[in-house]
Amino acid sequence: MAESRGMKEQFWDPVAGFGVTFRTMFRKVVTEQYPFEKLPTAPRFHGRHQLNRWPDGLEKCIGCELCAWACPADAIYVEGDENRDGPDGERFSPGERYGRVYQINYLRCILCGLCIEACPTRALTMTNEYELADNNRADLIYEKSDLLAPLLPGMEQPPHPMRLGDDDGAYYRNAYSAPAPAGPEGTTP
Ligand code: SF4
Ligand code: SF4
């Protein structure tokens, strides 16, 4: 009796096993052909960071270091400096200070997002960019220039004074819009 059950198992187990293989052969293939095909991530995927700008091009980062303090992996390094108005001064952000040095070490970062939660000005956010591999350690320490958002139309490369628009409130509500370029002499475009 035990011998016949053993024979049955010896015969049916491989058949059942190959049955799984056979069924799977006709299922839709889910393999992604990365890096030849890059599929979009989920909209809220936490990828590479970005340092954002105000609509006149000034930087939102005020060099407060709260992001660095919030980081559990000690991946952020910030050095703040003072904005100075006047003929010899330079202004990079609204307010007193800006982030003169800003680095994120992607050898340490675990993309947890705690830093963007800590940022009081929404200067720091995360993009969907996930291609963060490299073949040497130095290139994985991103500098401020690697992280700053690009200048959009109407933005001006800092340093420059705050282009307030109607008033401070309009500026901080992102209601500032760059003045239209002047038309030919004596005309209003
Ligand atoms: S995502 Fe997390 S680990 Fe990476 S820099 Fe921000 S707080 Fe640090
Ligand atoms: S990114 Fe935000 S939290 Fe970090 S230093 Fe700049 S303003 Fe402060």
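Helices, of at least four residues, and strands, of at least two, are DSSP runs numbered from the N terminus. The structure shown in these views is a predicted model.

**View 1. Position of Cys-61 between strand E1 and helix H2.** Cys-61 lies in the loop that runs between strand E1 (49-51) and helix H2 (66-70). Apart from residues up to four places away in sequence, Cys-61 touches Leu-51, Ser-93, Tyr-98, Gly-99, Tyr-102 and Ala-123.

View 2. When neighbours within four places in sequence are set aside, the contacts of Cys-64 are Gly-80 and Pro-120.

**View 3. The residue shell of ligand 2.** Around ligand 2 there are 14 residues, of which Cys-61, Cys-64, Cys-67, Cys-119 and Leu-124 come nearest. Sorted by class, the shell consists of 10 nonpolar, three polar and one charged residues.

**View 4. The annotated cysteine positions.** An unreviewed UniProt entry assigns the feature "binding site" to Cys-61, Cys-64, Cys-67 and Cys-119. These positions are spread over 59 residues of sequence, yet they cluster in space, with a largest C-alpha distance of 10.4 Å. The four annotated cysteines, Cys-61, Cys-64, Cys-67 and Cys-119, are also among the residues that come nearest to ligand 2.

Notes:
Residues are numbered from 1 along each chain as its sequence is written. Chains are lettered from A and ligands numbered from 1 in the order in which they are written. This is a predicted model: local features need pLDDT of at least 70, side-chain atom pairs count only at pLDDT 80 or more; totals for chains, interfaces and linings use all residues. A residue is near a molecule or strand if its C-beta atom, placed from the backbone, lies within 6 Å of it. Ala, Val, Leu, Ile, Met, Phe, Trp, Tyr, Cys and Pro count as nonpolar, Asp, Glu, Lys and Arg as charged, and the others, Gly among them, as polar. UniProt positions are given in the numbering used here, feature names are shortened, and annotations may be inferred rather than shown by experiment. Two residues are in contact if their C-beta atoms, placed from the backbone, lie within 7 Å.
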